[in-house]
Amino acid sequence: MKPRKGRRGGARQSAPLSQETIVTAALHILDHEGPQRLSMRRLAKELSITPMALYHHVRDRHELLLLLVASRSRDRARPVLPDDPRERLLAAAELLHDTLAEYPFLSEILASPDLLAMSALWIMEALLDAAVECGLTLEEAAQAHHAIWHFTVGVLLIRTTSRRHHAGLTRPTQREQVFATLSPEAFPRLTSLAGRWSSLTARNTHREALEDIVEGLLGEHPTHPGEHA
């Protein structure tokens, strides 16, 4: 028997329901309709099942999104990182940023403690290993990873939220309206930057800021290639 086709061309459920078939259907919706259309009800319809049947396999939308991250991460090729530990630490941190930035539903799961564990444990290991080779103790390396993770999550959350907020906006933003009313006498710095604030803050300065953060975290620690705590 041929599988029935969904209204938008997606294959309906014909094989026994599993997390794999659920993820495949969810990816179809993401690719063809966008993240805003991915709901548990829409997914159940795509699979020709009831929402209750879906909840037997996936607890909620949050777990579904984490499964999607894990699914896409499994097929990702692992790049070769630099030998120099400082450069490797920076490269791994950049890779963390670039990996997370690919997910259109990012803002919903960035704060999840399960996210990195499911998507890229090897990046976490690379960050810790590079930090130790830069002279940090393993405990200090964990704190360095924590700081880099929080910085990266903050950058991505602000960026994705800002893009969503400004999409289709036809009036000046609230900030621009407020800046236009400021007195140069009371706010000389802000008023001097007001006309350029949006363009200055729209620049992607993740790498530059990351270099400053890593430099501060490592300080004057000597590098010991090959040393592991």
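Predicted model: local features only at pLDDT ≥ 70, side-chain atom pairs only at ≥ 80, totals over all residues.
In what kind of crossing, left-handed or right-handed, does H5 pass H13?

H5 covers residues 85–101, so to speak a run of 17 residues. From its first C-alpha to its last, the helix reaches 24 Å, close to the 24 Å expected at 1.5 Å a residue. Quite a few residues of H5 are buried, among them Pro-85, Arg-88, Leu-89, Leu-90, His-97 and Leu-100.

Some of H5 also belongs to the largest nonpolar core, a set of 27 residues. Within this core, the members that touch the most others are Leu-89, Leu-96, Ile-123, Leu-127, Ile-148, Val-214 and Leu-218. Two or more residues come from each of H5, helix H8 (121–133), helix H9 (138–166) and helix H13 (206–218). H8 gives the most, with eight residues. There is also a second, separate core of 23 residues, which includes Ile-22, Leu-30, Leu-54 and Phe-105.

Now back to the pair of helices in the opening question. The axes of H5 and H13 come within 10 Å and cross at roughly 135 degrees. Because of that angle, H5 counts as oblique to H13. As for the handedness, H5 passes H13 in a right-handed crossing.

Conventions. Residues numbered from 1 in each chain as written. Heavy atoms only, no water. Helix = DSSP H or I, 4+ residues; strand = E, 2+ residues; numbered from the N terminus. Expected span 1.5 Å × (residues − 1). Buried < 20%, exposed > 50% of the residue type's maximum accessible area, 1.4 Å probe, protein only. Core = buried A, V, L, I, M, F, W, Y, C linked by side-chain atoms within 4.5 Å. Axes fitted to C-alpha atoms, helices over the stretch in contact; angles between N-to-C directions. Parallel < 35°, antiparallel > 145°, perpendicular 65-115°, else oblique. Left-handed = near helix turned anticlockwise from the far one by under 90°.
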